[in-house]
Amino acid sequence: MDLLNAIVALLNFVVIPATAYGAQLALGALGVTLIYGILRFSNFAHGDTMALGTATVILFTWWFQSMGLHFGPLPTALLALPFGIAVTAAFVLLTDRVVYRFYRKQKAAPVILVIVAMGVMFVMNGFTRFLIGVDEIRFDDGARFLVNANEFKAATGLAEGLAFRSTQALTIVTAVIVVAALFWFLNRTRTGKSMRAFSDNEDLALLSGINPEKVVAVTWIISAGLAVIAGTLYGLDKSFKAFNYFQLLLPIFASAIVGGLGSPLGAIAGGFLIAFSEVGFTYAWKKVATYVLPESLAPDGLAQLLSTDYKFAVSFGILIVVLLFKPTGLFKGKAV
């Protein structure tokens, strides 16, 4: 029974939360890696694109709820998600036309575009706070749990109860669907193949008759869609606060770089690696250790490697190690 209790505790506090968090990071990192692979610069405004998109989804969610529209056991935010993606895509396309296009025509160095992206980041951050405020917002509704801890304990007789939130399940299922759709698009459609060709060799792609403006526009739209989906899922699973998405930029970029910038598969692997590392290093292992170790060896303290306050330090540490020893990432993306 102790071993089963240890497994349930591990699932409850490490495996399920890290899997949901990893799916959110993977979707965010996919947007970053697409921009880097095709437009050749690191989009530091991606975190605030997530914040702006999620804020738009929240506003539409409140509007739908005021009209009595609901989505049954699923969050109403899913109904608002397409509208949030449309508004955010229009915003980033306008930003590209007004800001980034000029520097592309000038063939500015990537570092210039990074600085420009930081300026866009601060503008978007301020606009998002002006739009929805700075307070923490919870906007999840519908069923809260697929598996309830008390019901699980009553059914199994175990001391540990398994809790599986509906938002965690929604995150995992949505991530699988979105990733499958993205890979199908990139590998099966003509536009997706054009984007891959443009990423591999821009000059050869132009000689082949590929329209660069179309590739750029589609890249921004897909990146915006991924940002809004990732941001909404993160907000549903935890809560929304504009500054949190600015902080989320570090683990997202760490995920993309660790996996290999420009590699979609690497972004997914990097997202889960970062998520499990953050959760594993900051989890207090005392409960699990108490179940599996003899009483004489059970730890007196929390058996916690790092406080949760240092969660992002884990991402930063992994990022530094990868940049020092394997700058192209695990899946041999473009060098940083």
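## Second largest pocket

In the second largest pocket, helix 1 supplies the biggest part of the lining, four residues. The model is predicted: local features need pLDDT of at least 70, side-chain atom pairs need pLDDT 80 or more, and totals for chains, interfaces and linings take in all residues. Residues are numbered from 1 along each chain as its sequence is written, and side-chain values use heavy atoms, without hydrogens or water.

This pocket (an open set of 1 Å grid points over the protein atoms alone, with protein on both sides within 12 Å along at least five of seven lines) holds about 340 Å³ of space. Volume here is the space filled by probe spheres set on the points, which are joined across faces, edges and corners. The lining (residues with an atom within 4 Å of a point) counts 15 residues. F13, P17, K238, V279 and K311 lie nearest the centre of the second largest pocket. Helix 1 and helix 12 (264-282) each give at least two lining residues. Helices (H or I, at least four residues) and strands (E, at least two) are DSSP runs, numbered from the N terminus. By class, the lining of the second largest pocket splits into seven nonpolar, four polar and four charged residues. Nonpolar means Ala, Val, Leu, Ile, Met, Phe, Trp, Tyr, Cys and Pro; charged means Asp, Glu, Lys and Arg; the others, Gly among them, are polar.

## Largest pocket

The largest pocket contains about 410 Å³ of space. Its lining has 17 residues. Nearest the centre of the largest pocket are L39, R104, K105, K107 and E202. Five helices each contribute at least two lining residues: helix 1 (2-39), helix 3 (77-105), helix 4 (110-132), helix 8 (202-207) and helix 9 (212-237). Helix 3 has the largest share of the lining of the largest pocket, four residues. What classes make up this lining? Ten residues are nonpolar, seven are charged, and there are no polar ones.

## Cavities

Three cavities of 30 Å³ or more turn up in a search of the whole structure. A cavity is a set of points where a 1.4 Å probe fits but cannot get out. The largest cavity has a volume of about 60 Å³. Its lining consists of N43, A45, T49, V92, T95, Y100, V120, M124 and W220. Helix 3 and helix 4 are the elements that give two or more residues to the lining of the largest cavity. Helix 3 gives the most, three residues. Six of the residues lining the largest cavity are nonpolar, three are polar and none is charged.

Helix 9 runs for 26 residues. From first C-alpha to last it reaches 37 Å, close to the 38 Å expected at 1.5 Å a residue; the expected span is 1.5 Å times one less than the number of residues. Why is helix 9 largely enclosed by the rest of the structure? Because 21 of its 26 residues are buried. Buried means under 20% relative accessible area, exposed over 50%, partly exposed in between (1.4 Å probe, protein chains only).

At the start of helix 9, a side-chain oxygen of N211 comes within 3.1 Å of the backbone nitrogen of E213. This is a polar contact (N or O atoms within 3.5 Å; within protein, one able to donate a hydrogen and the other to accept it; residues adjacent in sequence count only if both atoms are side-chain atoms). S208 sits in the loop between helix 8 and helix 9. S208 is exposed, at 55% relative accessible area. The side chain of S208 reaches the backbone oxygen of L204 at 2.8 Å. S208 and V218 are ten residues apart along the chain, and their C-alpha atoms are 18 Å apart.

## Salt bridges

How many salt bridges does the structure hold? There are seven, each a side-chain nitrogen of Lys or Arg within 4 Å of a carboxyl oxygen of Asp or Glu. E160 and K287 form a salt bridge at 3.6 Å, N to O. This pair links distant parts of the chain, 127 residues apart. E160 is in the loop between helix 5 (149-156) and strand 2 (164-165), and K287 is in helix 13 (residues 286-292). E160 is buried at 8% relative accessible area, whereas K287 is partly exposed at 36%.

K238 meets D237 in a salt bridge, with the closest N and O atoms 3.2 Å apart. Salt bridges with shared partners join R165, D237 and K238 into one network. D237 is buried, at 8% relative accessibility. K238 is partly exposed at 28%, and K238 is also among the residues nearest the centre of the second largest pocket. R144 and D140 pair at 3.2 Å, N to O, in a salt bridge. R144 is exposed at 51% relative accessibility; D140 is partly exposed at 23%.
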